[in-house]
Amino acid sequence: MRNAGISLKNIFYFLGISTLAVWITITAKVILIPLLFSILLALFLNPIVNFYEKYIRNKILAILVSYITAVIPFLLIIGFFFNQSRILFGSLPSSRDKIKEKMTLLMDWVDEKLKLDAESTAHWVDEHINSMVDVPVDFLRESLASTTTVIAHLVLIIVLTYFLLLYRVGFKNFLLSQVGPDQRKNLEALFIKIQFLTKRYLLGQGLVILILGILIGSGLWLIGGPYPYFWGFLAGFLEIIPYVGTTIGVVLPFSYMLILSDTLWQPFAVVGFYILVQQIEGNLISPNVMGPSIKINPLFIIMGLFIGAIVWGIPGMILALPTMAITKEILRGFDRTAPLSYLMENGLSRKSGIFLSKFDSEKFRLIKPLLRKKED
């Protein structure tokens, strides 16, 4: 028998390249994070620039008009929104005692109904209330803490996006030249898919933010919460980070209502309403707005968020989903990696049989069998 598949040398090569890639990813994050955001923005703006270039011969002017049309209004809205967030959340930690008082009243009621030890419950409230308030507040403070850094990154993203759009034909032709003439049509089709995917993701996220902002804001208004549409659109923006953003989007208005409300039913009505909205969003809004090509199964989303948070922090968590969606599309473009794209896709439990029915042939296998019988 002879080894026809993975050799020890290949394993060392793989481990060495993987280690180097991780090291570069961590150490070069200052440029890689803006670069990835710039690539996403350039893919989104490319159709708009192409449209303006039909009427404006000057490429630079066409790009600037595209910025004025699609980017600057969005940046102004984001800037205003986050400035208001900074003002509002600046006073929240000082109200921790009020939250503790409300939680103590709630736990006293629970103790009375369930016959629990009041002293142990009070100790639990003292021990956990600080962390319960600090986690979401610290998360947003980390996002908004350094205005200079944020502005510098935004300027760098705009500049990089400009040059990516200006040289986009050259970059495209370079990539096409790296494959044979018989493969160029497939590669161009892959470029079109990635551009469509990016456009659908960014437009879809914008529409989801708008829908959730109006829906949650209206619900909080009916409940009687303060600044209902601010909280609604905050929840919509936080939805960009799956699971983590959703949780923070609930905890923040819940904590704020504990501070201001004279009753306990309003804060818990907020939680119940958020749970209802999340069911609507997960089963109705996102599947129809974002489309099935965007959906990644929860296992890969959690892994992506975890890795993104460790490597790049909050920007890594924001980039995790679009990066995985584009990676899934790229993997699907090649025979050997196509099964991996289906492994990443949502609804894996319903499609588990596809690997043995559709991909059970040599051309779809990532590696050859490790051992083969010796030929006679």
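**Aromatic rings and a helix**

Reply: F51, Y52 and Y55 make up one aromatic cluster. The model is predicted, so local features need pLDDT of at least 70 and side-chain atom pairs count only at pLDDT 80 or more, while totals for chains, interfaces and linings use all residues. Residues are numbered from 1 along each chain as its sequence is written, and side-chain values use heavy atoms, with hydrogens and water left out.

Me: How many aromatic pairs does a search of the whole structure find?

Reply: Rings of Phe, Tyr and Trp (its six-membered ring) pair if their centres lie within 6.5 Å; planes under 30 degrees apart are stacked, over 60 edge-to-face, and the rest tilted. The search of the whole structure gives six such pairs.

Me: Which parts does the pair of F254 and F268 tie together?

Reply: Helices are DSSP runs (H or I, at least four residues), numbered from the N terminus. F254 belongs to helix α10 (residues 244-260) and F268 to helix α11 (residues 265-289), so the pair links parts 14 residues apart in sequence.

Me: Is F254 buried or exposed?

Reply: Buried means under 20% relative accessible area, exposed over 50%, and partly exposed in between (1.4 Å probe, protein chains only). F254 is buried at 10%, whereas F268 is partly exposed at 38%.

Me: What do the buried residues of α11 pack against?

Reply: Contact means heavy atoms within 4.5 Å. The buried residues of α11, among them F273 and Y274, pack against α8 (184-223), α9 (228-238) and α10.

Notes
Helix = DSSP H or I, 4+ residues; strand = E, 2+ residues; numbered from the N terminus.
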